[in-house]
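Hello,

Please find the structure below. My notes on it follow.

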Amino acid sequence: MKSNSAIRAVVFDLGKVLLDFDYGIAARQLSRRSRMDPEPLARLLSQSELICRFETGRLSAREFFDEVRAASGFGGSFEEFAECFSNIFTPIEPMVRLQERLRREGLGTFVFSNTNELAVNHIRKAYPFFANFDGYVLSYEHGVMKPDARLYEVLERLAGRRGGELLYLDDRLENVEAGARRGWQAVLQENPEKTMAALRRLGVLHPDGSTGRAAA
Ligand SMILES: [Mg+2]
């Protein structure tokens, strides 16, 4: 059984695709040693102009820490902050197994994430699966974030693939749409079950869950 799919590589968003996360965990811990309540602190850490500057590499980790400290009055060290800020992830196991299977059966796999240096340092140490991709496009290393087309171009160059050769999984609609505009096979991740069903429809996974490529 050979896969009919034209897909040669699978592009994974990280947050809410491979790793669940909750900035509330960090905000509650940091809040205890700050003058800010957990809710505004969570917004500062996850949806502010400040985090955007950090995730496009315009702030170093130290500079980000200094800004958060100035805004919140956090009284701990940089190391304590880094630990609280980055220890917010939980692997989404069916998706971790999916990547492992796709890779074993010969598809390229890539990480494509709006993220920052502190999160990635933590993820590298905490989750061995993160080492097992063919390449990584991380927003803070390139100065732009999804859905900016320039980050998608970086991925295409790195993978040596384009258009319908790429299958793209992301939980944010604007990111998925930007991929679809380039002709990528883009799937909005709502939950792992729906993503698996989409992969079967696209011929990447067979109904028994294999890709059909190993037997080809
Ligand atoms: Mg995401």
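Which residue of strand 7 does Asp 170 stand opposite? The residue opposite Asp 170 is Leu 188.

Before the rest, two remarks on the basis. The model is predicted: local features need pLDDT of at least 70, side-chain atom pairs count only at pLDDT 80 or more, and totals for chains, interfaces and linings use all residues. Residues are numbered from 1 along each chain as its sequence is written.

Overall picture. The chain has 10 helices and seven strands; these are DSSP runs numbered from the N terminus, helices being H or I of at least four residues and strands E of at least two. Along the principal axes, the C-alpha atoms fill a box of roughly 60 × 30 × 25 Å. Of the 216 residues, 38% are buried (20 or more other C-beta atoms within 10 Å of a residue's own, with C-beta atoms placed from the backbone).

Domains. An automatic or database domain assignment gives the bounds: domain 1 is 9–20 + 89–201 and domain 2 is 23–86. Their centres, taken over C-alpha atoms, are 25 Å apart. Contacts (C-beta atoms, placed from the backbone, within 7 Å) join 14 residues of domain 1 to eight residues of domain 2.

Five strands form an open sheet in the order 5-4-1-6-7, with parallel pairing; two strands pair if DSSP finds at least two bridges between them. Strand 5 (135–138) and strand 7 (185–188) are the edge strands, each pairing on one side only. Strand 6 (residues 166–170) pairs with strand 7 in the parallel sense over four bridges. Helix 9 (residues 173–181) lies across strand 6 and strand 7, at about 165 degrees to strand 7. Such angles run from 0 to 180 degrees between N-to-C directions, with axes as lines fitted to C-alpha atoms, for helices over the stretch in contact.

A helix pair. Helix 1 (residues 23–31) packs on helix 5 (residues 78–86) at an angle of about 150 degrees, and their axes are 7 Å apart. Helix 1 contributes Ala 26, Gln 29 and Leu 30 to the contact, while helix 5 contributes Phe 81, Cys 84 and Phe 85.

Regards

Methods: Contact = placed C-beta atoms within 7 Å. Buried ≥ 20, exposed ≤ 12 C-beta atoms within 10 Å, placed from the backbone.
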